[in-house]
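Look at the structure, then read on.

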Amino acid sequence: MFPPVPNPTTRPEPLKFGDQDLIRRSASTVTPPAQRQTEVAKLIDVSKCIGCKACQSACIEWNDTHPEMEINTGVYDNPHDLTPDMFTLMRFTEWENPETNNLEWLIRKDGCMHCEDPGCLKACPAPGAIVQFSNGIVDFIHENCIGCGYCIKGCPFNIPRISQVDHTAYKCTLCSDRIAVGQGPACAKACPTQAIVFGTKDEMKEHAAGRITDLKSRGFANAGLYDPPGVGGTHVMYVLHHADKPEIYADLPNNPKISPIVEAWKGVTKYAGLAVVGFAAAAGFMHYLVTGPNRVSEEDEEAAEKLTGEEPRP
Amino acid sequence: MSTDYDVEKGDSVHPGKPVIVDRYTAGARVNHWITAVSLVLLALSGLALFHPSLFFLTGLFGGGPLTRIIHPWIGVLLFFSFFGLFLRFWKANLWKREDGTWLARLRDVLTGHEERLPDVGKYNAGQKFVFWSMSALIIVLITTGLIIWDQYFSLFTTIEQKRWAVLIHAIAAVCAISVWIIHVYAAIWVRGTIRAMTRGSVTGGWAWRHHRKWLRELVGRAPKGKSGNTPAE
Ligand code: HEM
Ligand code: SF4
Ligand code: SF4
């Protein structure tokens with residue numbers, strides 16, 4: 001068992017991180033702080049989750065969101081998808097293990113993975129609407145968000161959602177406002193089985209290693225950690241009993257990375273595009289310098305007059 | 001009774017010194033300027049989101065969110081406005097034999113040696129290139145633009161389709177802006193052109209120099225007063 005983050009003191013204390021700790025800021029260049037904070041991570045042990053959705057409730061409670069009441073369509077997922085008011089969602093999969101013929105009930109807590117290389121931030125056109133702190137947290141800053149939805153296209157995990165109320169993008173904050181004052185994420189605090197734990201990334205990896213050894217000893221030969229290198233690792237990680245097939249957990253991407261289309265859009269297109277437009281303007285300017293204006297001559301006017309039957313000019 | 005493909009409604013010749021040739025009706029001019037203004041506003045609001053160094057352009061539209069809201073609506077206006085121009089101009093922009101020759105002598109075009117170029121109709125190959133490439137680009141821009149108009153249409157396409165759409169939209173926009181630069185430059189370089197879209201007419205000399213075939217067709221078609229009975233050969 002991993003010790004839960006203790007309750008902090010009730011005395012006001014300086015924030016543990018802030019704007020001085022930004023390592024990335026959308027559509028801006030930042031000078032990264034000289035010293036990087038210890039990376040934090042949330043570890044979700046899928047094998048321990050009982051699907052009680054206490055984490056979902058805690059998330060709603062802490063973030064004061066009001067997800068719409070939906071209709072039961074015969075599945076446990078509730079609401080049916082992440083929404084601007086539901087930053088985390090238990091996704092239930094009934095999977096028949098072909099090796100054992102056992103029905104396995106896979107329950108994965110979906111939500112922002114807090115990528116080390118965040119596609120949302122790469123895609124965002126608004127300066128400072130998405131930021132990444134040196135402890136690894138990726139946060140959306142609503143007052144800078146213009147609601148364009150580019151982050152949705154950039155994210156390899158299909159996480160951000162645009163609110164139809166204030167037209168800005170929402171997702172899990174990793175409870176940055178709690179972590180800044182020394183508390184753990186609300187979901188981790190609420191989880192009755194300690195399937196969600198929070199600490200430094202190294203601690204989480206170590207804790208996961210212990211869990212994986214345990215799972216392997218119980219016959220889950222492919223148990224492993226989901227910390228996908230394609231996005232530089234994540235600050236939300238999973239322990240999976242079948243880490244060789246992450247896709248069975250409600251389509252958790254196997255080897256996610258920022259889409260090459262997004263890389264092309266945000267990379268070569270920007271530079272080549274500005275170059276092409278600049279070249280067109282410069283070519284026109286140079287042409288004008290070299291040839292000068294193309295003027296209609298007296299003879300042209302006279303030729304037209306002759307054509308229309310005017311008397312020749314005196 | 002004209003069957004000339006490129007003589008449009010309202011085109012006519014007024015003899016005098018200089019000869020005045022009506023080139024665009026008031027309707028065509030208003031249509032053109034609505035298109036022009038919307039294209040410029042689209043380019044400015046689009047470029048604001050295209051590159052962080054241009055984000056300041058959102059200031060022209062009242063901030064980031066307003067830029068994001070307004071851009072697609074201007075796009076819809078542009079589409080319909082350009083469609084009007086298309087209906088007016090498509091016929092005169094059909095490709096003709098002399099256009100190939102004109103294009104092959106692009107060197108002479110650029111160095112201003114009109115005397116070595118074939119007589120062309122109401123539009124030369126360069127203008128036809130601008131017309132057809134803009135037509136194609138605007139279709140691409142409206143299609144991809146609707147796909148990435150998340151506020152109303154986010155549910156109709158997958159994220160993967162939207163990724164392609166935004167990439168293609170950005171590339172098409174770059175092309176459209178470049179074609180626009182060529183278009184505007186040509187209008188400035190070839191003196192006497194801009195009045196065609198402001199006052200609606202050009203001088204006979206301009207028509208003789210740049211669109212001789214069109215001028216001959218007009219003169220031959222409309223025997224008004226003493227004009228046009230004897231197309232000088
Ligand atoms: C014809 C109808 C058009 C529609 C419906 C449309 C729609 C859109 C939408 C929805 C966006 C995303 C940002 C936003 O939500 O406002 C966008 C971006 C953009 N648009 Fe358009 N647009 C159109 C035409 C144009 C035209 C004519 C140009 C340029 C001449 C243009 C240039 C751009 C650029 C440069 C971007 C930014 C792309 C990027 O971020 O890489 N658009 N457009
Ligand atoms: S919607 Fe997403 S990409 Fe667009 S400004 Fe807001 S955070 Fe950035
Ligand atoms: S999971 Fe998506 S929204 Fe979260 S940090 Fe990664 S790219 Fe951004």
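Q: Which side chains meet in a salt bridge at 3.1 Å, N to O?
A: A salt bridge here puts a side-chain nitrogen of Lys or Arg within 4 Å of a carboxyl oxygen of Asp or Glu. The model is predicted: local features need pLDDT of at least 70, side-chain atom pairs need 80 or more, and totals for chains, interfaces and linings use all residues. Side-chain values use heavy atoms, without hydrogens or water. The pair is Asp300(A) and Arg209(B).

Q: How many salt bridges does the rule find across the interface of chain B and chain A?
A: The bridge between Asp300(A) and Arg209(B) joins the two chains. Across the whole interface, the rule gives 2.

Q: Which helix supplies the largest share of the side of chain B that touches chain A?
A: Helices are DSSP runs of H or I, at least four residues, numbered from the N terminus. H1, H2, H6, H7, H9 and H10 of chain B each supply at least two residues to that side. The largest share is 15 residues, from H7(B).

Q: How many residues of chain B are in contact with chain A?
A: Contact means heavy atoms within 4.5 Å. On the chain A side, 53 residues take part. On the chain B side, the number is 55.

Q: What area do chain B and chain A bury between them?
A: Buried area is the accessible area (1.4 Å probe) lost on putting the two parts together, summed over both. Carbon and sulfur atoms carry 66% of it. In chain B, Lys17(B), Arg163(B) and Arg191(B) lose the most, together 14% of what that side buries. The total is about 4700 Å².

Key: Residues are numbered from 1 along each chain as its sequence is written. Chains are lettered from A and ligands numbered from 1 in the order in which they are written.
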